[in-house]
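Work through the exercises below with the coordinates open. Each task is followed by a stepwise solution.

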Amino acid sequence: MSRTALRICPLCEATCGLTLTIEGTRVTHARGDRDDVFSQGFICPKGASFGAVDSDPDRLRTPLVRRDGELREATWEEAFDAVAAGIRPVVERHGPNSVGVVLGNPNVHTMAGALYPPVLLAGLGTRSVFTASTVDQMPKHVSSGLLFGDANAIPVPDLDRTGHLLLIGANPLESNGSLCTAPDFPGKLKALKARGGTLVVIDPRRTRTAKLADRHIAVRPGTDALLLAAMAQVLFEEGLTEPAPHVQGVEELADAIREFTPEAVAEACDVEADAIRALARDLAAAPAAAVYGRIGSCTVPHGTLASWLVDVLNVLTGNLDRPGGALFPQAATDRTPRPAGPGRGFALGRWHSRVSRHPEAKGELPLSALAEEIDTATEEGEPVRALIAVAANPVLSAPDGDRLDKALDSLDFMVSVDPYLNETSRHADVVLPPPPPSQSPHHDFAFNTLAVRNQVRYTRPAVPLEPGRMAETEILARLILAVTGMHGADPAAVDQMVIDQTLGKAVKEPHSPVHGSDPRELAARLNGDTGPERRLDMMLRLGPYGDGFGVRPDGLSLDKLLAHPHGIDLGPLESRLPQPLKTRSGRVELLPGPIADDLPRLRAALAERPEGLVLVGRRHLRSNNSWMHNVPALTGGSNRCTLHIHPEDAERLGVEDGAAVRVKGAGGEVTAPAEVTDAIRRGVVSLPHGWGHNRPGTRLSHASTDPGVNVNQLLDGRLLDPLSGNAVLNGVPVEVTPETGPEASAVTEKLTALT
């Protein structure tokens, strides 16, 4: 007997609503939820494959504990006993910074990953924190922190109302959007064009998104900041500025970028000066416009400057905080909005990494530095001796995976929270597997703060928790207790502690709807079947749309949300400045000191010219980093690990389509099949990321049949954006040569078999 259940898709940032068909306890089909208030029935191949992802036979079902050098199945009690026995002695002997924590991208796709890691970090007190952000979006967090005083205050393009959209380093037809939560991003771009709007794409590749554009600028990789600075300079030079309100530093900015004229940057960017002027003029002339930059403009040597300049252009054209421009979303679980006014601001470099002295950003150290923090001794501080990896696979996602692979083997102890035995978790002494997504509740805490329309949705587990499984929320709660010296305590105590602390602060805040109330009485009024649900209820009721525990009877609560299974629409994005600002001035600080100090480095880039080929990455619609290569339905076809190379470069180097080529970078070399295509500009080659599933000791039976190569092995980890610590993954010099010998034959045979 089949039934249906609703579920928010956790497989990318679009957060589409799904209707699942369930036979017994197995998801047999997934389609878009036509009544979902946000996605309205849209679904991509990943969402359609939800059942296959959910029931992957290689998913771990019981904990693994290392005994006599081998990972063996164990009970949950044995697993957490081992965690407590492995982590606590390291903390007590060597201090909290000797325990590293690595948080992977999937954390932001689950309720547990949003609610518990902050408690884990606070309880451990470690500064050795590394996340996927520093191989992805950290430049945007840093630029937002410096501009707006809050690293999480990220304006997103108002896709449904804009008339002119400029995308740089973004390919939302493949990625479904990132730092911009938008179901059916392709449909929104087509709607923009249908209403007479203009789509401009700046990308060295002619991506699917670029093919849809009215104008495609094939910029030289790594020169995004130069191009954007020249556009801003044109706005000043030609009197086209209309600065958004609540801004300071406009005149200082004009002086700082005066020399970045289109003529000065044209050769470095390989874009004609007239084309740059046209980009600026068209942006200024549009009644409503937005500039949006993503991973291609973040993972470059000037990633923070490029991210800053995206918002500078929105500010100078009057499009920041304007309908149709770039606006700040308001999530239902945001904190109670405080009155507008000066804040504490945003600081960088409050501490530094032990070995290379990289400055902290947003409480994190660069993921590129993880290996050296483990394997290099210094006179200052203890190395990382133990590691907690939560939904993270840095052996593939960080530069120089070979070095990190060896470093992980040298740890005193490692615990990994992961559904797979993958390239990283295979090193763990304890592996704690969360259940599949159908057995977990879902609310998007992070992505709703980036959504192109304000809304709120929550889905309870579609399938009961399988016997022998443990909810991810309980796994992380028990992990917190085990590593902070409270092993054996009731895991519900973690949620209760957070509730008590949050309500205790809320009743003391004059702007809170519960100011002056009794926190114990408020806690007793929370609803929900579990601790995480009670926390969600608390956040909703204290939030900007909440009922304030009865102060606003029509406001949000968990009960009200459960009564609307397809979600509640909270309306289009609205102008919110100056309320989101937390700078010391209470204004948008257009030229912050760290940005001004980094501009000389950008000026030096005016004279830089790569002599050979440079490498860029690429995304596939049917994968998300290294997550999904073990699902047959999501591999094959265009989702292959090939090196894209322009026909003229291929002819010059003697490279044939489909033949094996050797790619060499500062960190190593890999061999991959060539794919000759004019969809990439001359002088540039492209490899996708997330591949390299050929290491022994994993249990990824399908991924290992077509492992691909790890593009990050071409990097040695030394190239970083200095302000954010973000790894430079794009615009990296490489050498490409035809492969000969047995390895070439093996690659060709594999490619032939797959096609």
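**Exercise 1. Which residues are linked with Arg277 in a network of salt bridges?**

Step 1. Apply the criterion: a side-chain nitrogen of Lys or Arg within 4 Å of a carboxyl oxygen of Asp or Glu. Step 2. Collect the linked residues: Glu237, Glu238, Glu263, Arg277 and Arg281 form the network. Step 3. Take one pair from it. Arg277 bridges to Glu263, with the closest N and O atoms 3.1 Å apart. Step 4. Arg277 sits in helix 13 (residues 273-285) and Glu263 in helix 12 (residues 262-269), so the bridge ties together parts 14 residues apart in sequence. Helices are DSSP runs of H or I, at least four residues, and strands are runs of E, at least two, numbered from the N terminus. Step 5. Check accessibility. Arg277 is buried at 11% relative accessibility, while Glu263 is partly exposed at 46%. Buried means under 20% relative accessible area, exposed over 50%, partly exposed in between (1.4 Å probe, protein chains only).

Before going on, note the ground rules. This is a predicted model, with residues numbered from 1 along each chain as its sequence is written; local features need pLDDT of at least 70, side-chain atom pairs count only at pLDDT 80 or more, and totals for chains, interfaces and linings use all residues. Side-chain values use heavy atoms, leaving out hydrogens and water.

**Exercise 2. Locate the salt bridges of Asp136 and Asp150.**

Step 1. Asp136 pairs with Arg294, the closest N and O atoms being 2.2 Å apart. Step 2. Arg294 lies in the loop between strand 13 and helix 14 (295-298), and Asp136 in the loop between strand 7 (129-131) and helix 6 (138-148), so the pair ties together parts 158 residues apart in sequence. Step 3. Both Arg294 and Asp136 are buried. Step 4. Asp150 pairs with Lys582 at 3.6 Å between the closest N and O atoms. Step 5. This pair links distant parts of the chain, 432 residues apart. Step 6. Lys582 is partly exposed at 33%; Asp150 is buried at 18%. Step 7. The count for the structure is 48 salt bridges.
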